[in-house]
Amino acid sequence: MNKTKIVCTIGPSSSSPQVLADMIRSGMNVARVNFSHGTSDEHRKMIRSIRAVATRLGRTVAILVDLPGPKIRIGRLRLEPTILKRGETITLTTDPASSNLTAIPVDYPDLPSLVTEGTTIYLNDGFLQVKVVRTSEQEVDAKVVIGGPLLSHKGLNLPGVALSIAAVTPEDLAHVDIGLDEGVDTFTISFLERPEDIRILREYAQKRGIKIHIVAKIERAGAVREIDAILAEADAIMIARGDLGVQIPIEDVPGVQKQCILKANRLGVPVITATQMLESMTENILPTRAEVTDVANAILDGSDAVMLSAETATGRYPVETVRMMAKIARSIEAQRTMLKGRSQLEEVLLLTGINRRELTVDDVVSLNVIQAMHALSPRYILTPTRSGRAPRRISRFKPDCWILSFCRDQKVAEFLAFSYGVVPFFVKTDEASWHDRIFDLISDAGLAKTGDLVILTEGSEPDLAGATNSLRIIKFP
Ligand SMILES: Nc1ncnc2c1ncn2[C@@H]1O[C@H](COP(=O)(O)OP(=O)(O)OP(=O)(O)O)[C@@H](O)[C@H]1O
Ligand SMILES: CC(=O)C(=O)O
Ligand SMILES: [K+]
Ligand SMILES: [Mg+2]
């Protein structure tokens with residue numbers, strides 16, 4: 001099994017129970033349902049189908065609802081694909097009832113007022129570019145600079161233009177209601193720039209009495225600037241390289257990715273690296289060498305999870321792509337210590353702690369767990385947890401040893417599907433002492449035998465979240 005978690009976008013290529021089952025068996029940990037595509041009925045059906053298949057296989061698959069946010073999109077095209085030719089002038093219309101049959105519909109009424117003559121508009125993650133020549137109340141005429149085929153519902157980007165709406169729109173809140181009705185509790189916010197949007201979404205769910213997990217998508221220049229504030233509010237972040245690569249210069253993406261990963265690791269916030277990871281597998285049975293190397297480097301840098309988008313949503317080889325992702329992960333994970341020795345994060349934390357005495361109690365406990373692991377090569381790290389914080393603090397170092405985590409809250413256990421090397425167990429127990437229950441569980445599952453060395457973290461007040469303050473090294477009884 002791979003320690004790096006694999007997130008797969010579900011779409012037409014992967015919605016059948018057979019394909020879903022094969023993807024789960026091949027290593028899918030999280031199913032992403034992008035609410036930007038399809039109808040509410042389809043979203044409900046998809047969520048139920050993913051749950052049904054996972055239950056049948058006896059596997060935990062977390063479901064991630066990706067909210068559309070203020071992303072501007074092309075509407076439904078009359079001609080699929082519509083070919084844009086270099087040099088020709090096209091018309092974008094915001095009027096759904098436009099009589100201009102060749103005009104390209106856009107779902108954003110403010111578009112004509114946001115652009116002026118000379119503005120470059122990027123379509124389909126920047127693969128197509130047009131330059132505005134004139135605007136009217138409901139139309140934008142633009143000259144094609146970079147042409148090619150355009151499909152319905154592809155994104156439209158205006159880098160640097162301030163969008164007039166918040167990242168959590170009224171439509172998003174309606175989508176959240178559907179997700180919550182279906183028992184989903186993990187949502188992404190797309191195109192956010194301000195950490196307030198995370199609070200708005202959290203409070204909305206809280207009004208229904210539900211605690212949700214929020215994944216902040218880093219895909220605008222503003223989000224990169226606000227990364228520290230966003231990391232303080234979000235439960236996880238996603239480096240959404242598709243839109244990011246248009247919103248900031250594409251050559252800046254690798255550096256931003258590395259910075260975001262290190263900052264997220266430092267705080268123990270799970271980080272997903274996303275988009276075009278094995279893009280060529282949408283068409284081909286094998287990825288390029290560059291793609292394989294990109295995935296491996298994203299993992300070595302400290303990604304908790306890697307994501308597949310069109311590869312599994314609309315690609316020809318969804319199952320083979322998941323299998324390939326899992327193989328790349330397993331190979332590089334086995335070489336981690338040899339290639340990097342002590343992780344960059346361990347260095348950073350040890351140095352700040354020694355020089356500036358800034359380490360917190362849980363920094364020290366998690367560092368000690370890692371030191372003990374290096375010295376003793378235990379069978380497992382065992383972490384009872386209330387909030388998921390203790391396993392995440394250890395997981396951020398990307399240890400070679402599996403972290404088995406035990407949790408009384410099913411939603412908290414499910415969210416650990418986003419953390420590297422963590423295997424969550426949902427334990428139905430109110431016993432004050434977890435130990436016997438945990439040891440029974442492990443030996444029943446055939447995971448350890450008498451005499452195996454394990455590291456166990458503990459809190460002096462087991463019912464308190466964030467109270468882990470000690471570790472024990474024990475021989476499995
Ligand atoms: N449920 C779906 N139905 C049809 N096509 C889908 C679905 N989900 C994804 N896709 C297709 O897969 C491609 C990549 O998926 P992805 O989820 O990354 O979407 P996206 O449109 O690029 O938007 P976002 O920026 O929100 O991720 C999309 O462009 C879309 O064509
Ligand atoms: C995943 C996503 O939203 C992006 O790459 O833009
Ligand atoms: K989306
Ligand atoms: Mg995006």
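By class, the shell around ligand 1 comprises 3 nonpolar, 11 polar and 4 charged residues. In this classification Ala, Val, Leu, Ile, Met, Phe, Trp, Tyr, Cys and Pro count as nonpolar, Asp, Glu, Lys and Arg as charged, and the others, Gly among them, as polar. This is a predicted model, in which local features need pLDDT of at least 70, side-chain atom pairs count only at pLDDT 80 or more, and totals for chains, interfaces and linings use all residues. Residues are numbered from 1 along each chain as its sequence is written, while chains are lettered from A and ligands numbered from 1 in the order in which they are written.

**Ligand surroundings**

Of the 18 residues around ligand 1, those that come nearest are Gly11, His37, Ser309, Ala310 and Ala313; a residue is near a molecule if its C-beta atom, placed from the backbone, lies within 6 Å of it. Helices H8 and H11 (310-313) each supply at least two residues of this shell. Helices (H or I, at least four residues) and strands (E, at least two) are DSSP runs, numbered from the N terminus.

Ligand 2 is surrounded by Ser190, Lys217, Glu219, Ala240, Arg241, Gly242, Asp243, Ala274 and Thr275. Helix H8 (residues 241-247) gives the most to the shell around ligand 2, with 3 residues. By class, this shell has 2 nonpolar, 3 polar and 4 charged residues.

**Domains and cores**

The protein chain is divided into domain 1 (5-69 + 167-332), domain 2 (72-157) and domain 3 (344-475), with bounds from an automatic or database domain assignment. Between the C-alpha centres of domain 1 and domain 2 the distance is 27 Å. Across this boundary, 6 residues of domain 1 are in contact with 6 residues of domain 2, contact being defined by C-beta atoms, placed from the backbone, within 7 Å. The side of domain 1 that touches domain 2 has 1 nonpolar, 4 polar and 1 charged residues.

A nonpolar core is a set of buried Ala, Val, Leu, Ile, Met, Phe, Trp, Tyr and Cys residues joined through C-beta atoms within 7 Å. A residue is buried if 20 or more other C-beta atoms, placed from the backbone, lie within 10 Å of its own, exposed if 12 or fewer, and partly exposed in between. The largest core has 105 residues, of which Ile63, Ala216, Ile218, Ala234, Ile237 and Met325 touch the most other members. Helix H12 (residues 318-340) contributes the largest share, 7 residues. Domain 1 and domain 3 each provide at least three residues of this core. Apart from it lies another core of 18 residues, among them Leu84, Ile104, Tyr122 and Leu123.

Val61 lies in the loop between helix H2 (40-57) and strand S3 (62-66). Val61 is buried, because 20 other C-beta atoms lie within 10 Å.

**The seven-stranded sheet**

An open sheet of 7 strands has the order S4-S12-S8-S9-S10-S6-S7, with mixed pairing. Strand S4 (72-73) and strand S7 (104-105) stand at the edges, each with a single partner strand, so one side of each is left without a neighbour in the sheet. Two strands pair if DSSP finds at least two bridges between them.

| Strand pair | Sense | Bridges |
|---|---|---|
| S8 (residues 120-123) and S9 (residues 128-135) | antiparallel | 4 bridges |
| S9 and S10 | antiparallel | 6 bridges |
| S6 (residues 89-93) and S10 (residues 139-146) | antiparallel | 5 bridges |

Leu123 has Leu128 in S9 as its bridge partner. S9 and S10 form a hairpin with 3 residues between them, and Lys131 stands opposite Lys143 in S10. The bridge partner of Thr91 in S10 is Asp141.

Key. Two residues are in contact if their C-beta atoms, placed from the backbone, lie within 7 Å.
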